[in-house]
Amino acid sequence: MSLPPVLASHDQLFVNAKRALLEFLSRWLPDWAVIGVSMLVTIGAIAAVAPAIMMYLTWLERKIIARIQNRFGPDRVGVYGLMQPLADGLKMLNKEDIVPRGADALLHIAAPILSVVPAILLFAIMPFGRNMIAADLNVGLLYLFAVSSVGSYAIFMGGWASRSKFSFLGAMRSVAQIISYEVPGVLSAVAVIMVTGTLSLVGIVEAQESRWFAFTPWGFVACLMFFLSGVAEVNRTPFDMPEAESELVGGFHTEYSGMKFALWYMAEFLESFAVCAFTVTLFFGGWQGPPVPFWTLGLLLIPVVVTAGRLPVPARAVGAAAVLGATVLWGVQPIPSWIWFLTKTYVLVFVLVWFRGTLPRLRVDQLMGLAWKFFLPLALVNIFAAGIWMWFPFPVGTAASALLLLVSAWLLVRVNAPAPMHPRTYILAD
Amino acid sequence: MSLFIGQGVLKGMLLTLREFIGTYPAGRVLLRMLGRPVGSGLFTVSYPEQKQQHSERFRYFPFLVYDGTPENLRCVSCKICEQECPPQCIHIVGPEKDAQGRPLKKNGRTYPVEFDIDTSICMSCRICVDVCPFDAIEMDNQYELSSTGRFNEMLFDKEKLLKSNEYFQKIKPTEAKTVDQRLAAKKPKAPEAPAAAAQPPQPPSA
């Protein structure tokens, strides 16, 4: 067991790798240069990882949507179509860059860049694992909301600069939608801030060591609202009014082509990844594994073992080998924090694509009604419910806050229910 | 009235999840174990590797039928199909004439010198097959005919169009059977006599 120090802990693999590199360099470089290199390594890692994530999110989305629609999805370029993102990238690079006549050329090129920058900036405060955060800001959550709202400027700028009715309408819808959904998004995060007493994302993750907030009454509601508001903010189905193809051609990016168009998509996919990552951070324990001891996971295996008799023999053998391997691995060293974080994030990414494969687009009034008439009051009630949950001891607080949320959700649905229409009578029908 | 808020959304999402899982073999096993319907499965036919089984009556471009050897083609160059073709894609030169201008006969019938079908114009309407009194032209089911040349490769000449009656029987057994029966009925009374082949075939009375 004489592993080099870098490989000693796969939980801290990347952290140790960076430290080893810096120690190696500090033999020749002065201190200030080492600090600079440290920054550059982190920035370089994010700048390299973010586009790679975006590329394979497009692949993942196409594959999952295809499977939901009983198709294969991309499977021609490379094994399982894994080279498809590269082919798409080459295609985008080769396309003509069209600027409409009469458009504001400067704003037209600045807008997609401005939309990608905040999306990548969000990666700076993403806690990928234990000690694996580029900048552990003590106002991390504030930074998150400040930076993510810059994207709406970019979208409006792009729509305005295109000098096209479709772009302009899409941009207006987008701004209205993003501003509306920021309110319940922020308010649902306020409950988390109140309970944890910190704005730092590392602090919030560490506060969830004993329980994930998604499994508390207020946390469940806040999680749903935060995630759905996030989905609405990044303009994804079922909230993709700004780029409703059937009404607006392409929405705010109608007049974009080639690499500029790809930048819009990059921003959208990076932001949807960020939505999933921050939902995991705030409500699903971030980089931590499930807050249960290992033997309870063994209990979960009992139904699997019971039903195994009905499986074919090869499946049983593979399953047994997998369980044995997982047990051995878990016993030797727990699953690394960054794998937990990425797994949970990609599960949420799957949910996001699953939404897209299932739900049709909302109408504009339904979209706005959901934000202002349902999410906003429920988020306010939720802050109160979080207070109750904190103030009273365990069973009372949980039950009281759950009851309060259930009743208020039911009331909100009743109050917002559309007025019943009178049955139509046809005078001349007979 | 729904039991809880968002019930319809959850129901729809479970449906799509079932379709998603049902596209994987292991997922189908899982769904069967749970006693759930397995969904529709993958519909896609990966075209160049797999091909769809098309119906016997599927048709594309016409071809000329010959009996036995390519010289023994059924077409007598009567030019009815050329007249009837709506997009006028058939071009026939013939029949072959001797020095006095009388049509030459081979195996007891006249034959075309040239028979061209421009497949870039043909609309696969099958009218040529319907009007042919000799059952000399039939519809093929080959569809992988893409080419780079508009005039050279897509203009099918007589050599390219000629296909045997066995081929016709293979691709369209039912239709070929009725055609063969009709042709046998039209044959002269003494089918086993060797002179029968020298007799010109009678056009159908109908």
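**Strand pairing in chain B**

Author: In chain B, D118(B) has L155(B) of β5(B) as its bridge partner. This is a predicted model, in which local features need pLDDT of at least 70, side-chain atom pairs count only at pLDDT 80 or more, and totals for chains, interfaces and linings use all residues. Residues are numbered from 1 along each chain as its sequence is written, while chains are lettered from A and ligands numbered from 1 in the order in which they are written.

Strands here are DSSP runs of E, at least two residues long, numbered from the N terminus, and two of them pair if DSSP finds at least two bridges between them. Strand β3(B), residues 114–118, is joined to β5(B) by 2 bridges in the antiparallel sense. Both belong to an open sheet of 3 strands, ordered β2-β3-β5, with antiparallel pairing. Its edges are β2 (90–93) and β5 (155–156) of chain B, each of which pairs on one side only.

A further open sheet of 3 strands in chain B has the order β4-β1-β6 and mixed pairing. Here β4 and β6 are the edge strands, each pairing on one side only. The twist from one strand to the next averages 50°, an angle between N-to-C directions (0 to 180 degrees) of axes fitted to C-alpha atoms.

Strand β1(B), residues 62–66, has 5 of its 5 residues buried, that is, with 20 or more other C-beta atoms within 10 Å of their own, C-beta atoms being placed from the backbone. Towards β4(B), residues 137–139, β1(B) forms 3 bridges and runs antiparallel; there P62(B) is the bridge partner of M139(B). With β6(B), residues 162–164, the pairing of β1(B) is parallel, again over 3 bridges, and Y66(B) stands opposite S164(B).

Note on methods:
Helices (H or I, at least four residues) and strands (E, at least two) are DSSP runs, numbered from the N terminus. A residue is buried if 20 or more other C-beta atoms lie within 10 Å of its own, exposed if 12 or fewer, and partly exposed in between; C-beta atoms are placed from the backbone.
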